[in-house]
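Got your viewer open and your selection tool ready? Let's take a short walk, one pick at a time.

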Amino acid sequence: MEVAQILIGLTSSPNRLEHGKIENLAIRSQRLDSDGVGAMITNRDEKNHLSEFSDALQTVAKALEDVAVKKALAQDEAAQWKHKYELELLRNSQLERSIASRALDSSRQDNLSVTSVISEGDIDATEFRSSPQNTQTRSNGYLQYKETIQNSKVLSYSPDLFNNLYLDTQLDSKISEKASFTLTLDPVDERRKEQNHDLVSFDDGDINAEVRSNKQIALVWNSSPASVFILLKPNAAAVQQLCEEMVWWLREQNVTKIYVEPRVKAELMEENADFEFIQTCETEKQLVTINKSVDLVITLGGDGTMLWAASLFKGPMPPLVAFSMGSLGFMTKFQSSMYRESLQAIMKGPAYITLRHRLHCQIIRHDRETDDNTSSESAEYLVLNEVSIDRGMSSALSNLECFCDGHFVTIVQGDGLIISSPSGSTAYSLAAGGSVVHPQVPGILFTPICPHSLSFRPLILPDYVTLRVQLPLNCRGQAWASFDGKGRQQLWGGDALIVRMSEWPVPAVCEKESSGDFLRSVRESLHWNRRNIQLADERPSPSH
């Protein structure tokens, strides 16, 4: 009996032990499950908070970026209005001082009664782009409109009493009358007289544009040019020797005033003291106003010398004759060995010219603490070829936000960006894969430098747009802007570069005519499509 009870106890006790373990494990499992769910809920809440915080930061960054963009636009607009205001003040002061100096004769009064002053005696490219039959004449020191018999607008210019206002320039105590000339739209072609003078006409519901706005422009002198400005390629003995010969030859041609740079005059005086009659610009103020006293600009050098000449004239520029004495000679088509024949033909006229449009560039700095090497004030530049923005020594790709007339274009990620004029399409832009554009095609080239995208192709935009390139506030590195390869400026986060077409072109005299010079330069200087002609098959002669 006792043995049976013991056996029953032994067999029942393992079941009770096992049941206790299972209960303990179930309780522990419930606790673990509750703790895990709580941890998951806690992690999920933290992620939600981080996501909300990240969204808030992005919203703040976007707001700051919008504020910087609006500020850049406002500063650009303020700079434009300031420029217009200063021009208006100068024009009013000139009118007051000229009226006080002497009374206008009856002929000039009649001339002023039928014309309206639009500028201060300089070539303005906007009128050539806007009206198809403009004729530009230099008469009386300011640009003016006239109505011809054919009802076509005429734009005229010549040196009037406004030039007498620049008595403090020390160029000469008595400023002589500048040579008067006329810019016409190919007067040799008689067919142009029969064409419609309206740019766009509307007849019987049909819109047509028979006359294009950009025609070949001819320079016709009303009086022989009497003053020239000669610019030389530095450190070139052959160039200086040619300059000496040209100076004496121009004196024989009744050119009364010959201007050179101070460095050139010093070099000529070392060779011969008889060059004392040569005039120069000693101060920056004289250089700014020399356009009022110069009829013709002559460059002796290469394309770089022509770029240097264009950079000296911050506003309007007289007609330019470029003699080729460099290595490329793309824009300098006149041969130095034929300078007598070339200058005689140009001064006699008529001669074709190419209006090479320039770009007006302005850097607008973002408000920040600057170091000694970076100015917080905006700077302005005029470039003939291009403005380029690159990443410099930074190892990070450039990150440039681009806008066109306030509309977002793209973000440039790569080595940089080139904004070029049509004249600069055969320079840096061409090396970066941009299109070759005729210099008189009105447009602005938008060419990326080594973009980090296979689909990023160059663009050609209209010439009336305004481009803005801006560095984001959170950009990883800096950028550098170069203007025709000079004036390199560093850009930081928030800085913006504003680019638009300048109203003051470079009127370059053509050797023959604009298209012929351009195509010949493309073939000969760039060796465009230059290859040997495939030989014809030599067929055996038929046997008799």
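Start by selecting Arg 263 and Glu 267: their side chains meet in a salt bridge, 3.7 Å from N to O. Keep in mind that this is a predicted model. Both residues sit in helix 5 (residues 262-271), and because they are four residues apart there, about one helical turn separates them. Arg 263 is partly exposed at 33% relative accessibility, and Glu 267 is partly exposed too, with a relative accessible area of 26%.

Is Glu 261 buried or exposed? Its relative accessibility is 13%, so it counts as buried, the cut-off being under 20%.

Next, pick Asp 495 and Arg 365. Here the side chains meet in a salt bridge at 3.0 Å, N to O. This pair links distant parts of the chain, 130 residues apart: Asp 495 lies in the loop between strand 24 (486-491) and strand 25 (496-501), while Arg 365 lies in the loop between strand 15 (359-364) and strand 16 (379-383). Asp 495 is buried at 0% relative accessible area, and Arg 365 is buried at 7%. For the whole model, the count comes to seven salt bridges.

Jump to Thr 447, in strand 20 (residues 444-451). It's buried, with a relative accessible area of 0%. Which side chain does the Thr 447 side chain make a polar contact with? Show Ser 429, and you'll find the contact at 3.0 Å.

Time for the surface. Select Val 60, Leu 64 and Leu 473, which make a nonpolar patch of about 260 Å². Leu 64 belongs to helix 1 (residues 2-101) and is partly exposed, with a relative accessible area of 48%.

Last stop: colour by pLDDT. The mean for the protein is 75, and 65% of its residues reach 70 or more. Residues 10-19 stay under 50, and the model gives them zero contacts beyond four places in sequence. Residues 191-199 also stay under 50 in pLDDT, but there the model has 20 such contacts.

Note on methods. Residues numbered from 1 in each chain as written. Predicted model: local features only at pLDDT ≥ 70, side-chain atom pairs only at ≥ 80, totals over all residues. Heavy atoms only, no water. Patch = residues over 30% accessible without salt bridge, like charges linked within 9 Å, V, L, I, M, F, W, Y side chains within 5 Å. Areas by Shrake-Rupley, 256 points an atom, 1.4 Å probe, with all protein chains shown as cover. Salt bridge = Lys/Arg side-chain N within 4 Å of Asp/Glu carboxyl O. Helix = DSSP H or I, 4+ residues; strand = E, 2+ residues; numbered from the N terminus. Buried < 20%, exposed > 50% of the residue type's maximum accessible area, 1.4 Å probe, protein only. pLDDT = per-residue confidence, 0-100. Contact = heavy atoms within 4.5 Å. Polar contact = N/O pair within 3.5 Å; in protein donor to acceptor, adjacent residues only side chain to side chain.
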